[in-house]
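Have the viewer open as you read.

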Amino acid sequence: MLRTPRDQAAGLRRLFAPRGGVLVPVLAQAGLEAAELMLDALVGAYLERGLQVLVVDAGPAAKPAPELARINLAACLEALSDDVQFLEARGLPGHYLDARGNAGSLVEALRSAAPQADVILLHAPVAELARVLVGQGDCRPILLTDLQPQAMTQAYAAMKWLQQRAHCQVFGLLVAGHPRLALTRRIAEQLADCAERFLGAALPVWAALDPRAGLRAAPSAELRRLARDSLLGLEPQRVHHGALEYAPLMT
């Protein structure tokens, strides 16, 4: 079989190239009413660490990706504050498919479009997340669920899909439910147990957010840890500010 000559310097260029923002994949579920609230809470936890964030909402309820995204992705970003940029773009990963059906090039496109972002929070359905994450190396997807059985089932199915398709082994979980409610804890513990017993995966960190409380309270210790542990590879010195205020995605 004929082989294309390999570029001997390609690996070195990748090794020493600027990393750009850390990709944080977040599961998008159809019908999850608290999804925007949970995204806002995650963003708030990153901002509290002094980080700049690009939020890409490619979930099922988002507006379709603009045509301009194929040509000039940076021009499609909306500045919500000095430290938060936003892109509403359902179906965006599909614009970056290669011949194998993977969309890993989207990550570098987003890093180029928002070079100042420390965190790229990509909210997308599991099938699209898997296409983006193939070949991306270490990352820690965050699963979203509420207290409904179907949402929990979808979260587990997404964990299995991402493990098998993109080889993700460690996950985080954010539950829309009162943190002190027994059902909230039981759902988190059941998902962690299923991950360990049936997938050999790990779900070591979870946080809960009461949808009725909104964003009035500061991020909980559990949410802070969830945000911190998702930042694989982020250098500690990449901090710009202290605690920040921003305009939430929800209006």
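Where is the place of Gln116? Gln116 sits in the loop between helix 3 and strand 5; helices (H or I, at least four residues) and strands (E, at least two) are DSSP runs, numbered from the N terminus.

Before going further, a word on the basis: this is a predicted model, where local features need pLDDT of at least 70 and side-chain atom pairs count only at pLDDT 80 or more, while totals for chains, interfaces and linings use all residues. Residues are numbered from 1 along each chain as its sequence is written, and side-chain values use heavy atoms, leaving out hydrogens and water.

**Around Gln116**

Gln116 counts as partly exposed, because its relative accessibility is 35%; buried means under 20% relative accessible area, exposed over 50%, and partly exposed in between (1.4 Å probe, protein chains only). Leaving aside residues up to four places away in sequence, Gln116 touches Gln52 and Gln85, where contact means heavy atoms within 4.5 Å. The side chains of Gln116 and Gln85 are joined by a polar contact of 2.3 Å. Such a contact is a pair of N or O atoms within 3.5 Å; within protein, one must be able to donate a hydrogen and the other to accept it, and residues adjacent in sequence count only if both atoms are side-chain atoms. Val53 is 63 residues from Gln116 along the chain, yet their C-alpha atoms are separated by 8.5 Å.

**Helix 4**

Helix 4 spans residues 126-133, and its buried residues are Val126, Leu129, Ala130, Val132 and Leu133. They lie on the same side of helix 4 because they cover an arc of only 165° around the axis, taken from the directions from the helix axis to the C-beta atoms. Their cover includes strand 1 (22-27), helix 3 (105-113), strand 5 (119-124) and helix 5 (149-166). Just after helix 4, Gly135 takes a positive phi of about 80°.

**Salt bridges**

The structure holds 9 salt bridges, each a side-chain nitrogen of Lys or Arg within 4 Å of a carboxyl oxygen of Asp or Glu.

Glu108 and Arg111 are separated by about one helical turn because they are 3 residues apart in helix 3. Glu108 is partly exposed at 45%, whereas Arg111 is buried at 12%. Arg140, Arg225, Arg228 and Asp229 are linked in a network of salt bridges.
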